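Hello,

Please have a look at it below and then read on.

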Amino acid sequence: MIRPLAALALTAALAQPLALHAQTAPPAGPASTAQGVVTSHGISTFGDLKYPAGFAHFDYVVPDAPKGGTMSFRGTGASRTFDSLNMFILAGEPAQGMELIYDSLLAPSFDEPDAAYGLLAESVTFPPDRSWAVFRLRPEARFADGSPVTAADVVFTFLTLQQKGAPLYRMALRDLASAEALSPTEVRIAFAEGAPTRDLIGQLGQLPILPAHFYDAVPFERSSLEPPLGSGPYVVSKVEPGKAIAYCRNPAYWAADLPVNVGKDNFDCYRYEYYADETGAFEAFKSGGYIFQEEFSSAIWATAYDFPAVARGWVKRDELPDARPSGAQGFWFNLRRPQFADPRVREAIAMMFNFEWANETLFYGLYQRTDSFWENTALQAEGLPEGAELAVLEKYRDRLPETVFTEPAVSPPVHDAARNLDRRTLRAAGRLLDEAGWTVDDRGQRRDASGQALRVEFVSDSPVFERIVLPYLANLQQLGIEAVNTTVDAAQMQQRLEDFDYDITSTRFVLSLSPSIELRSLFGSEEADAKGSYNLSGLKDPVVDALIEEVIAAPDRDALDVRVRALDRVLRARHIWVPNWYSGKHRIAYWDVFGRPETKPPYDRGVEFWWWDQARYEALRSAGALR
């Protein structure tokens, strides 16, 4: 399962729109008063903006890209189905793509690591300490029913999500102290005293804005298939519960000509098709049931793309470089379970996953081993801590293992790729379990002093994953651990995740190049026991909490990088996961009906900037494809 955090910060919030109406003139540029208060057309974590006021469009788009056609994907999600169109609460499984119907105050730029520019807001004003901000809304901003987007809607959104939203939203808004409408087009927000405010304005600016009047009649907390109202470029067009959902262009969308929207969202409709399993979905893609696929299975990528449509050139394959962190994918220990209380137990279990054998035997050599939560970036801890990073860690020396200072950052052992069971590693892991008090009885079973057997259950909703997990379990069994795999259906998986009902589970979090408050949700003590929390490991560690706050409060990019490396080093030393693998690229396959920009933005897959090529489509139809 992929948990798309891409900075939970609300993951560069959900999708941005494009439009079809007039725009007001943007502010002339960032302007400062004598007190240092700035009014600007955008904001970034450390103040640098690539694009000036009045910019025409982002560099990575084709501004005159044609409009038309339908882009279709496989629907994904924890349950491989959906029963709700409310993406803001825990109840129900929301349909994929709901972000298409919403606008936010600001829209992200995907060739900058942390910048955002005005969408609903034409400007944002803030002081040097960013303790408050005033967003000035565009007077032409409209919801899909024609009603204006007002400051009251922004206040309603922030307060409602803060009080009633899913944990993700409540955590993002935790430091919001007040939100008030100064006028119909101006809203002022202020943050709690002492809050780390560096990122908060930009992050709250990327939250979807909800219409207060819609929720006068519809309970916000209700899981429902009633199409909600937004101000974005698309509206819900057709709902087939559990099977498919389509979003089509709002012809009266108010913001199509804004710089942040030029050259994007070029399709008339987006459609998500849901399938009960991976096999059924892939068969549907092969016959044109949907036309774009990002492939996450190395076996399928290496062996299954030999079907007729590929041979005839109707389906294309490509690998797109991805400059973002490669993702924190791993088997996550549930530290709420008593058998994982001793970090030596977790370390021993982690040692028995033979990535090198799996990569050669199962993955066709397509992956590299992950060891960092910020893999493949400058945020990854390397070697021994030195200089500024060492200074950060010194404050916590008495609460950290001495190995944090005397040994390189924790990395998985390198195994023998020739056989799954590496006996050298088996002996080393056995010594750790012996030291932790889990010794082998006369039947070869690990037990503690009370006679309790060491048992671990892996829980997943993917039968495909069994080919990876079962050899790993065989190694654990050789170590004397009672290791089992349980495959449940998607709905059960979602519930078990929300209830933390697992020993070990597999997830990939896509982290940010500018990590901030989302770290509290992933690794912070406060979220460890909150139902539906992203803190899957249940980590409660005062040092980690303190380092998270240091990261959030970093005053500049250099300090941020140093503090994240320190956090990465400490998290790895806590052995909260079994790191998996990464590729550093998007493996995509698609029916040859698209045009796309020559330049892909470095921090996004970039598909939202593609367009429908009618000539290519007609050529495929003439050849007998996509009837």
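In what follows, two residues are in contact when heavy atoms of theirs lie within 4.5 Å. Please keep in mind that this is a predicted model.

Let me start with a pair of helices. Two packed helices are described by the angle between their axes and the distance between the axes. Here the pair is helix 9 (residues 387-394) and helix 16 (residues 557-573), which pack at an angle of about 60 degrees with their axes 9 Å apart. That angle makes helix 9 oblique to helix 16. The crossing of helix 9 and helix 16 is right-handed. Which residues meet there? Helix 9 brings A388, E389, V392 and L393, and helix 16 brings V562, R563, R565, A566, R569 and V570. Sorted by class, this contact has six nonpolar residues, four charged ones and no polar ones.

If you want a place to look, find V239, which stands opposite I245 in strand 13.

A disulfide is a covalent bond between the sulfur atoms of two cysteines. How many does the model have? The count comes to one disulfide. C248 and C269 are joined by it, with 2.1 Å from S to S. The link of C248 and C269 is right-handed, with 105 degrees about the S-S bond. C248 belongs to strand 13 (residues 244-249) and C269 to strand 14 (residues 269-273), so the pair ties together parts that are 21 residues apart in sequence.

Finally, there is an open sheet of three strands, ordered 4-7-6, with antiparallel pairing. Its edges are strand 4 (42-44) and strand 6 (106-108), each with a single partner strand, so one side of each is left without a neighbour in the sheet. On average, neighbouring strands here are turned by 25 degrees against each other, direction ignored. Strand 6 and strand 7 (residues 115-118) run antiparallel and are joined by three bridges. Among the residues there, L106 has G118 in strand 7 as its bridge partner.

Enjoy exploring it!

Best wishes

Conventions: Residues are numbered from 1 along each chain as its sequence is written. This is a predicted model: local features need pLDDT of at least 70, side-chain atom pairs count only at pLDDT 80 or more; totals for chains, interfaces and linings use all residues. Side-chain values use heavy atoms; hydrogens and water are left out. Axes are lines fitted to C-alpha atoms, for helices over the stretch in contact, and angles run from 0 to 180 degrees between N-to-C directions. Helices (H or I, at least four residues) and strands (E, at least two) are DSSP runs, numbered from the N terminus. Angles under 35 degrees count as roughly parallel, over 145 as roughly antiparallel, 65 to 115 as roughly perpendicular and the rest as oblique. A crossing is left-handed if the near helix is turned anticlockwise from the far one by less than a right angle, and right-handed if clockwise. Ala, Val, Leu, Ile, Met, Phe, Trp, Tyr, Cys and Pro count as nonpolar, Asp, Glu, Lys and Arg as charged, and the others, Gly among them, as polar. Two strands pair if DSSP finds at least two bridges between them. A disulfide is a pair of cysteine sulfur atoms within 2.5 Å.
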